[in-house]
Amino acid sequence: MDITYNDDHLHKEAKHVIHLEKRERIEFANQARWINHQACALIRNRMKSLTLLPQIDEALCCIIVGEGGVGKSSLIRRIAKDCNNLAQRKMEGSIHVEFRVGADPTLVNVIGAICEKFGTSGFNPRKDDIPPELVLLIRARGIKILLIDEIQHVLVANRTEQKKILSFFKNLSGPPVSLSIIATGTQEALNAITSESPLKSRFQVFELLRWTDGEELRAFLASYEQFLPLKLPSNLASQEIVHFFLTSFDPTTRQIVNRLKWATMLALLEGTEKIELDNLTRANHIPDITEAYL
Amino acid sequence: MRKLLPNVSRPYSNEIFSSWVHRGFRSGADSRFAELIGLCRLHNIADLDRDDVELIELAANIFALPKAHFSSMFPSRNYWIIPSTYRNLYCPGCLLADIKHGNIPGYRISWVYRWSIVCPIHGFILESTGRVGQTAEDTVSSAIHSLAKDKLHMPPPITTRASQFSAHVGYVGVAFYFQQWIARQIRSEKIMLPTGQTVSAKDFFRMIDIVCLSAMRPARAEERYIPDTYSYLPPRKWPSEPLKGSEVAHLPFRDPIAFAPSEKAGLLAYLGLLVGVPKCCSLWRILAKRSSYYSCPSSKSLFPDDDRGLRDKIRNMLAEENNPLLDTATTWFDIDLQRQAGIVIPELFK
């Protein structure tokens, strides 16, 4: 049966997708997508302010704390993009370096990961000092901001190495490079940082929480719906769907987005062309999409 | 002019293909770069910087762009390119400029040719990482390392150097004019020699390659021929470091073109003089008035008539290939370079 539809409920970037093959629509639904919402916008604006201010000796640093799946990594990528956009507007090179603390966090590896962002291999550290070669590269590139994802991985290291790495970060935030560090991590990472008294005073803490009932969640769902490649509106901001999200599982961004992606795939495979409580309830795992690829 | 690559991270001006691909791969923002590297390995494409039809097709398919968009990222028709594991030259000025623009530095096409000794943008003599077995990507990484270790110090450009070390840098100046002449010539498939003869670029570079046989020597062999073969070179550090590990097996001969730019400048300057590039000849004439190094250029130093029979080898190889430049090369064996370049020896040097 043909469905009568219009595309008024879709964002202009998504309107053309509903005319594509089922496989392509599934892939569109599966793409990572940034939907701005109030909590993130607040943090992003503060981080933008940080980039606009001239550098000071004892740079201001921030840590964004939250449990897994609340969108910390997406947010830090967005902040990186904001930094890039700002640099492009000013017709300058980007002022940030972004790196992720690896699974084997030693000071040498952390320095190696930062150096890799400058296109070279690591320089040997002397104690917890910043290698002078790295100082030169940071200055030459005009880096002001260091974005660190998954800072809680530092806790995997032994106590001595942890102290070295945290002390190295403290040195990075002071002269001669005075980088503003913006890190994301879990509550444990915050505890580790605040246990180091010199670091404690430099870091401002921002928290990303799970979703709660309110206008913000409804606005997020309504915005996300505009990018779902479905021919019919789903009215995701309705009371019953919001209630489902808040009561059925931990309402983190990752959980909600995954449910929406999988429910969209079900709606496409089954031809219902909209998300309803029924397919949303069944979308607790990735659906079998092989038929769309045969 | 390079065409824009819509929806793909942009290459830098004059950046070589492999450098662009590896930068894209490292940034992790676009999975197509990883896909391309994977497919190249699958198709046994070892050198991403050779103008290879299959490689360009792969890139065009993956990025859904016309092939023409990629062709400008390759050296001109693979003429006289340094082997992939010897691409250890770089310009510190280009690297620093990339860093200052907030970018990870990239490898440039102009460093990949055997005749390149000076950066056409900054006028610095190209530096060498001094390591064998490096790809373009490794070279950039090592070069940034060395640059940072050296406190981002920039060498003086060639013009300033000339006044300080004229005896040495004169060869670099002449070789740079030869480099510029070739760079202009390879824009088309034909090379127009200053004598008026027009030959295909392929034949020209094959002839140069064969002529350079005379400057090759077996690795670790007795160096008894060296004074003859290299007598035209300025006072220099002899490249005596032995080859390491598995490289020895693959490289029975050492190619002087793979040496550091300042070391190969003498050879290239001589080639410029032999070919008769007007700017090379006129600079040589000026140098000859000031330094005895330049007052008596002799083709015998490049083509020693000794028991190795290099002249015959060169002649035979060119004849076997029906190279139209056989006569030209043969003429070079005994050419009077002083007369060809119009060099007047000052009384002081006679």
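Buried, in these notes, means under 20% relative accessible area, exposed means over 50%, and partly exposed lies in between (1.4 Å probe, protein chains only).

**Ground rules**

I am working on a predicted model, where local features need pLDDT of at least 70, side-chain atom pairs count only at pLDDT 80 or more, and totals for chains, interfaces and linings use all residues; side-chain values use heavy atoms, with hydrogens and water left out. Residues are numbered from 1 along each chain as its sequence is written, while chains are lettered from A and ligands numbered from 1 in the order in which they are written.

**B:Arg108**

I began with an arginine in chain B. I found B:Arg108 in the loop between helix 5 (92-100) and strand 2 (127-128) of chain B; helices (H or I, at least four residues) and strands (E, at least two) are DSSP runs, numbered from the N terminus. Is B:Arg108 buried or exposed? B:Arg108 has a relative accessible area of 8%, so I wrote it down as buried. For contacts I took heavy atoms within 4.5 Å. Not counting residues up to four places away in sequence, B:Arg108 touches B:Tyr12, B:Ser13, B:Asn14, B:Glu15, B:Ile16, B:Cys94 and B:Asp98. I also looked up B:Tyr90, which is 18 residues from B:Arg108 along the chain, with 8.0 Å between their C-alpha atoms.

**B:Pro92**

Next I went to helix 5 of chain B, where B:Pro92 sits. B:Pro92 is buried, because its relative accessible area is 1%. Leaving aside neighbours within four places in sequence, I listed B:Phe124, B:Glu127, B:Leu147, B:Met154 and B:Pro155 as its contacts. B:Ala143 is 51 residues from B:Pro92 in sequence, yet I read 7.8 Å from C-alpha to C-alpha.

**Chain A overall**

I counted 13 helices and 5 strands in chain A. The C-alpha trace spans about 70 × 40 × 40 Å along its principal axes. Of the 294 residues in chain A, 52% are buried. Among contacts between residues at least 6 apart in sequence, 72% join residues at least 24 apart. Chain A exposes about 14300 Å², and carbon and sulfur atoms supply 49% of that; the areas come from the Shrake-Rupley method with a 1.4 Å probe, and for residues only the protein chains shown count as cover.

**Strand 4 of chain A**

How many residues of strand 4 (residues 180-185) of chain A are buried? I got 6 of 6. Both faces are covered, with A:Ser180, A:Ile182 and A:Thr184 on one side and A:Ile181, A:Ala183 and A:Gly185 on the other.

Then I checked the pairing, where two strands pair if DSSP finds at least two bridges between them. Strand 1 (residues 61-65) of chain A runs parallel to strand 4 and is joined to it by 4 bridges; A:Val65 has A:Gly185 as its bridge partner. Strand 3 (residues 145-149) of chain A is also parallel to strand 4, with 4 bridges, and here A:Leu146 stands opposite A:Ile181.

I noted that strand 3, helix 6 (residues 159-172) and strand 4 of chain A form a right-handed β-α-β unit. Right-handed means that, with the strands pointing away from the viewer, the path from the first strand over the helix to the second runs clockwise.

**Helix 2 of chain A**

Which residues of helix 2 of chain A are buried? I have A:Cys40, A:Ile43, A:Arg44, A:Met47, A:Leu50 and A:Thr51. They cover an arc of only 110° around the axis, which puts them on the same side of helix 2 of chain A; the arc is that of the directions from the helix axis to the C-beta atoms. On the other side, A:Gln38 and A:Leu52 are exposed. The cover over the buried residues includes strand 1, helix 3 (72-89), strand 3, strand 4 and strand 5 (203-207) of chain A.

A:His37 counts as buried at 11% relative accessibility.

Most residues other than glycine have a negative phi, and most peptide bonds are trans. I found a cis peptide bond between A:Pro175 and A:Pro176, with omega about 10°. A:Met91, not a glycine, has a positive phi of about 55°, and A:Met91 is exposed at 74% relative accessible area. B:Leu152, likewise not a glycine, has a positive phi of about 55°, but B:Leu152 is buried at 13%.
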